[in-house]
Amino acid sequence: MNRRTLLIALPAFALAGCAAITTPPGDVPTGEAWFALGNEPFWNVEITTARIVYHDADGRRISVANPGAQLSFNGERYVTPQITVDVTHGTCRDGMSERRYGDTVIVEAGGRTLRGCGGRVLPPTHLDGTNWRILSIDGAAMAAGRGPAELRFAGNRISGGVGCNRLSGNFTSDGVRLTVTQIVSTRMACESALAAQEARLIALLGQSLAMRIDGHGRLILIGGTNASPDAQIVLERVI
């Protein structure tokens with residue numbers, strides 16, 4: 001079941017000092033936004049420098065001025081007559097998508113108390129049993145192939161490809177780095193664009209790859225010594 005919108009976050013609400021009980025909206029960097037979401041029923045909240053905006057599955061929308069964050073236990077609290085948002089910094093798992101977020105969230109709006117997750121998307125605790133669509137390699141979108149461009153992780157085995165040959169190997173991961181060994185591949189002839197992407201995928205997987213989750217919830221596998229867009233694989237999880 002596809003979520004209509006994947007909501008992620010840039011952490012934006014650090015308090016200026018312990019002596020203050022609120023932070024003015026201006027402390028949130030311009031252009032950044034913090035997001036939260038929940039299900040059963042579906043809802044989402046966006047908090048920016050200027051406003052708090054809430055939507056739910058019934059079409060209800062609440063948009064109010066951001067009053068600034070009140071200090072709460074291990075988090076922040078935003079209180080307005082129309083909506084209250086409680087943010088607690090701590091890992092939260094979205095039961096529908098199995099994604100992990102950096103914040104646990106309680107929203108009171110429209111006579112409802114709603115619970116969900118927000119903040120930055122955290123890397124998966126393990127890759128075993130996860131499937132990923134390959135979106136790009138070295139910044140280039142995937143060429144059309146005979147099959148899906150994907151990577152699958154099961155047990156200690158990785159399999160997949162860019163849509164021509166199938167590759168497989170062993171992998172280990174500590175959530176920070178991915179190491180693939182004993183890579184083997186089938187030997188079918190591929191169109192030049194696919195062949196080039198396939199060769200680059202195998203070359204990158206032959207390195208020890210740094211792992212991170214970007215602001216859109218995508219898994220980035222980074223090769224080389226620098227976090228360069230010219231040496232990475234961008235993956236989108238398939239739920």
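This is a predicted model: local features need pLDDT of at least 70, side-chain atom pairs count only at pLDDT 80 or more; totals for chains, interfaces and linings use all residues.

Author: Residues are numbered from 1 along each chain as its sequence is written, and side-chain values use heavy atoms, with hydrogens and water left out.

Reader: Why is asparagine 74 called partly exposed?

Author: Its relative accessible area is 41%. Buried means under 20%, exposed over 50%, and partly exposed in between, with a 1.4 Å probe and protein chains only; asparagine 74 is therefore partly exposed. Asparagine 74 lies in the loop between β6 (69–72) and β7 (75–79), and has a positive phi of about 55° although it is not a glycine.

Reader: What makes glutamine 182 count as exposed?

Author: The relative accessibility of glutamine 182 is 61%, and the cut-off for exposed is over 50%, so the term applies. Glutamine 182 also has a positive phi, near 50°, without being a glycine.

Reader: In which strand is glutamine 182 placed, and what makes a run a strand?

Author: Glutamine 182 belongs to β16 (residues 177–185). Strands are DSSP runs of E, at least two residues, and helices are runs of H or I, at least four, numbered from the N terminus. On this basis the protein chain has 1 helix and 19 strands.

Reader: What is the peptide bond between glutamate 40 and proline 41 called?

Author: It is a cis peptide bond, with omega about 0°. Proline 41 sits in the loop between β2 (34–38) and β3 (43–47).
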